[in-house]
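Welcome! Take a moment with the picture, then read on.

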Amino acid sequence: MTTMTMGKALNAGLRRAMTDDDRVVLMGEDIGTLGGVYRITDGLQAEFGERRVMDTPLAEAGILGTAIGLAYRGYRPVCEIQFDGFVYPAFDQIVSQVAKMHARTHGLVRMPITVRIPVGGGIGAAEHHSESPEAYFAHTAGLRVVSVSNPQDACTMLRQAIASDDPVIFFEPKRRYHVKAEVDDAVALTEAPALGSARIARPGEHVTLITWGGLVGVALDAALAAEDEGTSIEVVDLRSLSPVDYDTVTASVRRTGRVVIAQEGPREASIASEVVAVLTERCFAFLEAAPVRVTGHDIPYPPARLEKHHLPDLDRILYGVDRVLGRVRETGVEVSP
Amino acid sequence: MPDAAKPDATTQDPVRLLDEHGARTASDRYDPLIADLDDHALAGLYEDMVLIRRIDAEGMALQRQGELALWPPLLGQEAAQIGLGRALRSDDFVFSSYREHGVAYCRGVAPVDLLRVWRGVSVSGWDPFEAGMASPQVIIGAQALHATGYAMGIQNDRERDPATPDSVAVACFGDGAMSEGDVNEAMVFAATYQAPVVFFCQNNQYAISEPVSLQTRVPLADRPAGFGIPSARVDGNDVLAVTAVVREALERARGGGGPGFIEAVTYRMGPHTTADDPTRYRDPAELELWSARDPIQRLRAHLESRGAFGPELEESVAARADQVAAELRAGCIAMPDPDALEVFADVYAEPHAELDRQRADYARYLGGFVS
C-alpha cells in the first residue's frame, strides 16, 4: 500500500495493466512525451515505447476509429480524450462502431477498448472543459460507463475496464485528481468488487443519497454536516452508471424510504432521471416521499465565476435532503434547485 | 459529358491497359505487374465478373419480389471490385462499404451470406476473421479509420515478431466518402504512422443523387498528395489496369513504403439502392456513354483478340452463373426468421444483469401469448 493521489493511482493502474498484458496500448493527444495534460500517462512512453504509448494526431474520431482497427487485430487500446467536451467528434465512432461491433458480428469481434475521459467541473476551466456527458453514453447499448471517485477505485476499476472484453467509457473527475489515499495497485481483479457494482460510501438510516464521481466528496461532507442535525445519510457511490447496480441501490432505498440523487450534469434525460424512474418502479411501496434530484441546471456550462451557481454544492444537497424529509416550507419552488 | 463528370478533366489520366474495345496498351510500368495473367487467369477474371454481375442481378430481383428489404447493386463496378479482390492475399484484411459484393465474393464469402443483412435476418453475414474482411460498413467512410488502425496493428505485430506476415489492410469507399472527416483523418493517421493500408476509392460518379463535382473541385486522386500519400488514378472498368495498380500499392505497403491511394474511375449503372430512382437526377445519355465502357464486354473483347474466348468458355460460365443464381435464390428463400430473443444476443461480451433482466421480462411477456 502506498499513499498517492488519484492521478498517480490511475498512472499506476495503467502501468500495471500494460505490464500484465502486452496487447494493451495507449493512444491520445499529448500522452507521450508530455505525459498527458493531467500527467496521467507520465513516464509510460519512456517505459513502454512509442508503439505502446502513441501520441496521435489531433483527431478524436481518428483515435477511436483506429483503436477499432487495433482491436480487430487483437489489441486492447486505451484512448485518452483530453477533456470531456472534446469527445463529441468521436461520438459516431463510439456509438455507431465501438458500441455495436460485438452485436453486429454475432460476438465474433470484441471491442476491449477503454475510453478515458477527464470529466466535470469545479476547477474554474474554460468552455468545453467542465462537462458531464455521462448520459449520452449510458443511453447507448453495448457500452459500459463508469465514473471513479477515489484513488483505490481509480486504480482497480481502470485495470478492470482494460481487462473487460466490452468497451468501457471511463470518467475521471478532474476535481478528484489530487485527492490522496492509500492504494494497493496489485489487487487481484477477481477479488475486487465487480466493475459494475456500487459502493456504500457511508452507511446511514434516514436518507439514501446517491451520487458518483466528482460529487462523492461533496455528498460525504453533506452527510457529515447532516449528522450534526441528527440526520443519518447513507451515501451510495454508484461507480458504474451503465449498468447501474440496482441491487445495492434498491436495498438501500428500501431501508431508508427516502432518496436524493445528485449529479453535476443537466437534469433533462439524465442519469439521475433514469435512476429515479427505476427506483420509483421498483421501490414505490417503500418510498415515504417523492425522490429528489439535485442537478446542474439545463444550461450550457457557465463561465468559471458562475459555475458555483450551476454545480450542486453542500448546501443544495442538504436542501434536497430537507425536501425529501418534508422540512422545506412551500416556497413555490417545484423541484429541488 | 454532363457537368457531373467535371472532375474527370484531370491532371492525371487514368491508368488504362485495355481500351474500350479490349485492345491492349503497353506500359513499361504496369506490364511487369500483370505478366502472370495468362489466358487461363484472364478467363478466371471473366468468370468472376460474370458471376458477380449475376449475383447482383439476382439480389435486385429478390428485392423486387419482396424477398430482400433492400439491395445496393454494384452493376458497372465489377472490374474495380474483382480486380481489387483477386489482387489480395488471404492474410490481407478488407474494410468495405455495403456495395463491395464483388470483393466479398473474392474473399470467399458464400453468395448467400451476402444477402443476410439485406433480408433483415442479421446485422452481418460472415465471420470477418475467416474471410479477412470486416462486416460491411453503412456509415459512410467510417471504415477507413478501422483499416488504418488494423494496419497500425500489423506494424506493431511485425515489430514484436518479425515472422509476422507483411499483410496489408484495405479500405474500400466511394467518392462521397471523400468528404467525410473519417476518411481524411484516416489519411492523416496512415501517413503519420506510415501504416500498410491501401485506400481504394471507387469513384462511381454519384453519392445517391449527388454528382462527384459536389464533393470535390479537383480530381479525387489529387487529394492524397496533400497528406503525403502516393496515389493512382485508374480506369475502374479495366480489370487489368485495376489489378496492376492495386498490386503496385500492395507491394509498396508490404515493403514498408506506407499507405497508398487508388481512385478507380467507374460508374454505378444502377440505382444507389433498390429504394432509389436515378431517373430523377441522371441523364440517359450518360448511361449510354458508360454502357459502351462495360467492363465485362471489354475483357471479353480482349480475350477474343487473344483467341482465348470461344463458345465453350461462354457456355460454361453462363451455366455456372445460372447455377450460382439458383442456389442463391433457394438459399435466400430458405433463410428462417431469427428467434425473437435474438435481439438481446451479443450486445455485451460479458454478463450484464440489467439486460438479462430485460430479456427475461420480454420472454415472460411473450410466453403469455397463446401460440
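## Two helices packed within chain B

Helix H1 (residues 39-64) and helix H10 (residues 295-305), both of chain B, pack with their axes 10 Å apart and at an angle of about 155°. Helices here are DSSP runs of H or I with at least four residues, strands are runs of E with at least two, and both are numbered from the N terminus. Axes are lines fitted to C-alpha atoms, for helices over the stretch in contact, and angles run from 0 to 180 degrees between N-to-C directions. H1(B) is therefore roughly antiparallel to H10(B); angles over 145 degrees count as roughly antiparallel, under 35 as roughly parallel, 65 to 115 as roughly perpendicular, and the rest as oblique.

Which residues of H1(B) and H10(B) make the contact? Among them are Leu42(B), Tyr46(B) and Met49(B) from H1(B), and Ile296(B), Leu299(B) and Leu303(B) from H10(B). Contact means heavy atoms within 4.5 Å. Sorted by class, this contact has 10 nonpolar, one polar and three charged residues. Ala, Val, Leu, Ile, Met, Phe, Trp, Tyr, Cys and Pro count as nonpolar, Asp, Glu, Lys and Arg as charged, and the others, Gly among them, as polar.

## About the model

This is a predicted model, in which local features need pLDDT of at least 70 and side-chain atom pairs count only at pLDDT 80 or more, while totals for chains, interfaces and linings use all residues. Residues are numbered from 1 along each chain as its sequence is written, chains are lettered from A and ligands numbered from 1 in the order in which they are written, and side-chain values use heavy atoms, leaving out hydrogens and water.

## Helices from two chains

Now look at helix H3 (residues 60-72) of chain A and helix H7 (residues 181-193) of chain B: their axes come within 9 Å and cross at roughly 75°. H3(A) and H7(B) are therefore roughly perpendicular to each other. Ile63(A) and Thr66(A) are among the H3(A) residues in this contact, and Asp182(B), Glu185(B) and Phe189(B) take part from H7(B). By class, the contact of H3(A) with H7(B) has three nonpolar, two polar and three charged residues.

## Domains

Chain A is assigned domain 1 (2-183) and domain 2 (199-324), with bounds from an automatic or database domain assignment. Their C-alpha centres are 26 Å apart, and 24 residues of domain 1 of chain A are in contact with 23 residues of domain 2 of chain A.

## Two backbone details

Most residues other than glycine have a negative phi, and most peptide bonds are trans. The peptide bond from Ser242(A) to Pro243(A) is cis, with omega near -5°. His106(A) has a positive phi, near 55°.
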